[in-house]
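Biologist: Hello! Could you take me through this structure, one question at a time?

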Amino acid sequence: MLQRFTLAESGAAAELLHGGGVLAYPTEAVFGLGCDPHDRVAFERLFALKQRPPTQGVLLIAAEFAQVERYIELAAVPAEVLQQVWASWPGPHTWVFPRSAEVPTWIAGTHAGIALRVTAHEPAATLCRAFGGALVSTSANPHGQPPARLAQTVADYFGDALDGLLDAPLGGQNNPTVIRDALSGAIIRA
């Protein structure tokens, strides 16, 4: 049964995630689906909900750099690149880094790198703080359908197949965040 949480109940939402649950939560522009990135069973359930090929990979969202640092092969990232990234975080900027051995293989799909974002959107950041780390973040929609911008759309898409929904406001962006390659600066998703 779909459990609905308010922002004040983010601790309970985080417990659902620690227990292997899949949760929808608000991001900067759309609702995202999330789970513990190290829980392969939860991750496979998330991809089944989305009806998405697992080769596509997902990004991780966090409340602070310390929550994503372990996933980056820092020795491969020039200091000036890190300075540019840090200047954009927290904020609506997703960067693809060379991934470290800490990244579970299922997270990256067939990609060589790992997409990461340190969000300034308070509901998502509050959830990451309550969880104690980075979370999977992929748009809350079945593959090929428009991303959900309303909590009711999330419920309509997934119903009781989804474990939880953090019902809080979106961040006011019109489009999902731009994704850039951290090393080249190239835009991967506009």
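Modeller: Gladly, and a definition comes before anything else: a polar contact is a pair of N or O atoms within 3.5 Å; within protein, one must be able to donate a hydrogen and the other to accept it, and residues adjacent in sequence count only if both atoms are side-chain atoms. This is a predicted model, where local features need pLDDT of at least 70 and side-chain atom pairs count only at pLDDT 80 or more, while totals for chains, interfaces and linings use all residues. Residues are numbered from 1 along each chain as its sequence is written, and side-chain values use heavy atoms, leaving out hydrogens and water.

Biologist: Which residue has its backbone nitrogen 2.8 Å from a polar atom of the side chain of Asp163?

Modeller: Asp163 sits in the loop between helix H6 (151–158) and strand E8 (164–166); helices (H or I, at least four residues) and strands (E, at least two) are DSSP runs, numbered from the N terminus. Its side chain also makes a polar contact of 2.8 Å with the side chain of Arg45. The backbone nitrogen you ask about belongs to Val22.

Biologist: Is Asp163 buried or exposed?

Modeller: Buried means under 20% relative accessible area, exposed over 50%, and partly exposed in between (1.4 Å probe, protein chains only). Asp163 has 19% relative accessibility, so this residue counts as buried.

Biologist: What kind of aromatic pair do Phe65 and Trp89 form?

Modeller: Rings of Phe, Tyr and Trp (its six-membered ring) pair if their centres lie within 6.5 Å; planes under 30 degrees apart count as stacked, over 60 as edge-to-face and the rest as tilted. The structure holds five aromatic pairs. One of them joins Phe43 and Phe47, with 4.6 Å centre to centre and 35 degrees between the planes; both residues lie in helix H2 (residues 40–50). For Phe65 and Trp89, the centres are 6.3 Å apart and the planes are at 40 degrees, so the pair is tilted.

Biologist: Which residues do ring pairs link into a cluster?

Modeller: Phe65 and Trp89 are 24 residues apart and link distant parts of the chain. Both Phe65 and Trp89 are buried. The cluster consists of Phe65, Trp86, Trp89 and Phe97.

Biologist: What distance separates the C-alpha atoms of Ala182 and Pro98?

Modeller: Ala182 lies in the loop between strand E9 (178–181) and strand E10 (187–189), and is buried, with a relative accessible area of 3%. Not counting residues up to four places away in sequence, Ala182 touches Val81, Trp95, Val96 and Phe97 (contact means heavy atoms within 4.5 Å). Although Ala182 and Pro98 are 84 residues apart along the chain, their C-alpha atoms are separated by 8.5 Å.
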